[in-house]
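This report goes through one structure part by part. Please look over the sequence and the model before reading on.

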Amino acid sequence: MTIKIRSAVSDDAQAIFDMIVELAIYEKAPQEVKTNVEEIRATLFGEGSKTEALVCEVAGKVVGYAVFFTSYSTWLGRNGIYMEDLYVSPESRGVGAGKGMLQQIAQLAVERNCGRLEWSVLDWNQPAIDFYLSIGAKPQDEWVRYRLDGEALVSFAGR
């Protein structure tokens with residue numbers, strides 16, 4: 001089975017959106033998807049977007065995607081890459097699609113002289129955790145992630 005990994009383009013917005021919904025269902029949070037295809041197209045591929053995406057094709061069909069953006073480490077004094085999503089449809093898992101996309105992002109990080117590549121994973125997603133450990137990634141257990149969103153964000157912003 002031949003896989004092809006390439007930079008995502010605007011025409012991939014529908015496939016990416018469909019897999020975002022698949023991922024949300026897998027993560028037991030489909031109600032959290034608030035976006036739509038047009039917003040994905042505008043925000044991911046619109047002029048001035050700071051976000052990048054890859055897609056993976058098998059037999060000409062998009063079966064996976066990865067979304068990432070530049071981060072910054074004050075301690076390293078260097079940029080990094082934060083991977084927001086890495087997803088492969090269940091029927092295409094095990095063929096190297098996820099590893100290939102993650103490896104391509106790692107290559108970009110090295111080419112761009114980034115100090116790190118980071119991402120988050122749900123603590124119950126053992127298949128993903130096992131995969132990440134197998135490639136040499138290390139969990140950052142000492143850090144707790146926080147989030148302000150929705151009304152709490154608006155309220156705190158004083159708006």
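## Serine 89

In this predicted model, S89 is buried, with a relative accessible area of 4%. The cut-off for buried is under 20% relative accessible area, so S89, at 4%, falls in that class. S89 lies in the loop that runs between β4 (78-88) and α3 (97-111). Apart from neighbours within four places in sequence, the contacts of S89 are M19, E22 and V63.

## Strand β4 and its partners

β4 pairs with β3 in the antiparallel sense, over 10 bridges. Within this pairing, G80 in β4 stands opposite S71. The hairpin of β3 and β4 has 4 residues between the strands, and G77 in this hairpin takes a positive phi near 65 degrees.

β4 also pairs with β5 (residues 117-119), here in the parallel sense and over 3 bridges. I81 has L117 in β5 as its bridge partner. Together, β4, α3 and β5 make a β-α-β unit, and this unit is right-handed.

## The nonpolar cores

Which residues of the largest nonpolar core touch the most other members? They are F68, I81, M83, L86, M101, I105 and Y132, in a core of 20 residues. Two or more residues come from each of β2 (51-58), β3 (61-73), β4, α3 and α4 (126-134). The element that gives the most to this core is α3, with 6 residues.

L86 belongs to the largest core. Leaving aside neighbours within four places in sequence, L86 is in contact with Y65, A66, G98, M101, L102, F131 and Y132. Of these contacts, M101 and Y132 are also listed with L86 among the residues that touch the most other core members.

## Cysteines

How many disulfides does the structure hold? The number is 0. Are C56 and C114 buried or exposed? C56 is buried, with a relative accessible area of 0%. C114 has 12% relative accessibility and also counts as buried, because the cut-off is under 20%.

Conventions. Residues numbered from 1 in each chain as written. Predicted model: local features only at pLDDT ≥ 70, side-chain atom pairs only at ≥ 80, totals over all residues. Heavy atoms only, no water. Buried < 20%, exposed > 50% of the residue type's maximum accessible area, 1.4 Å probe, protein only. Contact = heavy atoms within 4.5 Å. Disulfide = S-S within 2.5 Å. Core = buried A, V, L, I, M, F, W, Y, C linked by side-chain atoms within 4.5 Å. Pairing = 2+ DSSP bridges. Right-handed = clockwise from strand over helix to strand, strands pointing away.
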